[in-house]
Amino acid sequence: MISTDICIVGAGPVGATLACLLAGQGREVALIDRAPLPPMEHPDFDGRAYAIAAGSRRVLDQAGVWDTLPFPAGPIHAIRVSDGRLGRPASPLFLHFDAEEAGSGPFGWMVEARSLRMALNARLHALPGVRLFAPAEAAVERGADGAVVRIAGGPAIACRLVVAAEGRGSALRRQAGIPVTHLPYGQTGMVGAMAHEHPHQGGALEHFLPAGPFAQLPMAPTEGASNLSAFVWTERTAMAERIMALDDADFGRELSRRMNGHLGAVRPLGRRWSYPLSAMIVHRYTDTRLALIGDAAHGIHPIAGQGLNLGFRDVAGLASLLAGAEDPGSPELLRRYQAARRPDNLLMLAATDALDRLFSNDRRLVRLARDVGIAAVHRLPPLKRLFMRQAMGALTG
Ligand SMILES: Cc1cc2nc3c(=O)[nH]c(=O)nc-3n(C[C@H](O)[C@H](O)[C@H](O)COP(=O)(O)OP(=O)(O)OC[C@H]3O[C@@H](n4cnc5c(N)ncnc54)[C@H](O)[C@@H]3O)c2cc1C
């Protein structure tokens, strides 16, 4: 039997970042993933990217991975919000948020998923405090005084805290009997990258359409595309299935219809990915010697690109409680972790849910109300500044 302070199960972006942060603070951690780490790197451009808020950037910085991202992050300097119907010009009433007007740095950064993965993998291998087991299946037994994590075909590890970071389908959450409520949206999110004719100049677009929001997010250039953006495109599931089955030329035509001439001609680049969308509320974030973080603890609509950012906020919250704690899995520490993180995550869930419901429908009154709302915000500088601060808050959190 070997022993360590903390075992983290799940080496996705959230679990891996927590391992780097804690090991950097001098903790001994074991990190276990059932999938092998190297293939998670996808060395070729694969079209997936995250919108990283300033607060998340700080977490990645403290974890020692921000400066070693192998591909540059693309800053988001402006966000344009518009409302419309497919095949018609966007509503003339739109909101334009400028980071400089709000008087601070960029709203956030677009980071390629492969870039984050490569930096995390390199850091995990470089930190002496991290014991990595991947691919490996772990069986966990927890008790009031500690836990034992048995690696199939490997050692048994005694620890005082187990962190569940295995994503939405968390087996540890299920094993602990923690109830979960799912709120299906009947929508599917399609994500990928597109090359376009004109430079984006750091501008993002959130275009609300009746079937769901369509977002263009500015990325740094990559091989084969000097003008590049990510798209996060929500449709009713049956329609998304038809769109995903299209060949590149037809898929590009559908993309162009959503972009409505913005940034000139567009073509898809790399692979496209799709995810059925649902929100997920986990009734407790902790159990005896167990803390849930990242997608194991919450799931939200990707309308504001905040899922991973919430996970990084869990990482920051748990790491700050663990700093200097004598017993990393004490009931008091776990109680404080839940109290610190649950309200913030619920608030974001409610906000993204309300945004999707407000914009993903075509009823005349709702449409009128939101156009009037958008116009009012645009005309009143104090109101606009307030919204900008809210947008920054959502992104900078
Ligand atoms: C369409 C879409 C777009 C999105 N865009 C954004 C965005 O722009 N910005 C943003 O912040 N977020 C975004 N998100 C959300 C983001 O992708 C997730 O929040 C993030 O991936 C969660 O990371 P995680 O590490 O918690 O979980 P995951 O990424 O799911 O990682 C879980 C890990 O645990 C491992 N695992 C699973 N089960 C076990 C087990 N039993 N034992 C051991 N290991 C196990 C898996 O192999 C995996 O490595 C988006 C989501 C969707 C659906």
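**Notebook: strands, ligand shell and a buried alanine**

I began with strand 16 (212–219) and found that strand 16 pairs with strand 17 in the antiparallel sense over 6 bridges. For my own reference, two strands pair if DSSP finds at least two bridges between them, while helices (H or I, at least four residues) and strands (E, at least two) are DSSP runs numbered from the N terminus. This is a predicted model, in which local features need pLDDT of at least 70 and side-chain atom pairs count only at pLDDT 80 or more, whereas totals for chains, interfaces and linings use all residues. Residues are numbered from 1 along each chain as its sequence is written.

**Entry 1: around strand 16**

On the strand 15 side, I found 5 bridges joining strand 15 to strand 16 in an antiparallel run, with histidine 207 partnered by phenylalanine 214 of strand 16. A hairpin of 2 residues links strand 15 to strand 16. Is strand 16 buried or exposed? I noted that 8 of its 8 residues are buried, so strand 16 is largely enclosed by the rest of the structure; buried is used where 20 or more other C-beta atoms lie within 10 Å of a residue's own, exposed where there are 12 or fewer, and partly exposed in between, with C-beta atoms placed from the backbone.

I then followed the open sheet, in which 8 strands stand in the order 7-6-15-16-17-14-18-21 with mixed pairing. Its edge strands are strand 7 (95–98) and strand 21 (298–299), each of which pairs on one side only. At the strand 7 end, strand 6 (residues 78–83) runs antiparallel to strand 7 and is joined to it by 4 bridges, and alanine 78 stands opposite aspartate 98 there.

**Entry 2: strand 8**

I turned to strand 8 (residues 108–112), where 5 of its 5 residues are buried. Gly108, Met110 and Glu112 lie on one side and Trp109 and Val111 on the other, and both faces are covered. I recalled that in a regular strand the side chains alternate between the two faces of the sheet. Strand 8 pairs antiparallel with strand 4 over 5 bridges, and isoleucine 52 has tryptophan 109 as its bridge partner. Strand 5 (residues 74–76) also pairs antiparallel with strand 8, over 3 bridges, and isoleucine 76 stands opposite glycine 108.

**Entry 3: the ligand shell**

I found 31 residues surrounding the ligand, the closest being Gly12, Gly167, Gly294, Gly307 and Leu308. Which helix gives the most to this shell? Helix 7 does, with 4 residues. Domain 1 (2–45 + 115–182 + 280–356) and domain 2 (68–111 + 183–278 + 358–396) both give residues to the shell, so the ligand lies between them; the domain bounds come from an automatic or database domain assignment.

**Entry 4: alanine 119**

Last, I looked up alanine 119, which is found in helix 3 (residues 113–126). Alanine 119 counts as buried because it has 25 C-beta neighbours inside 10 Å.

Notes: Two residues are in contact if their C-beta atoms, placed from the backbone, lie within 7 Å. Axes are lines fitted to C-alpha atoms, for helices over the stretch in contact, and angles run from 0 to 180 degrees between N-to-C directions. A residue is near a molecule or strand if its C-beta atom, placed from the backbone, lies within 6 Å of it.
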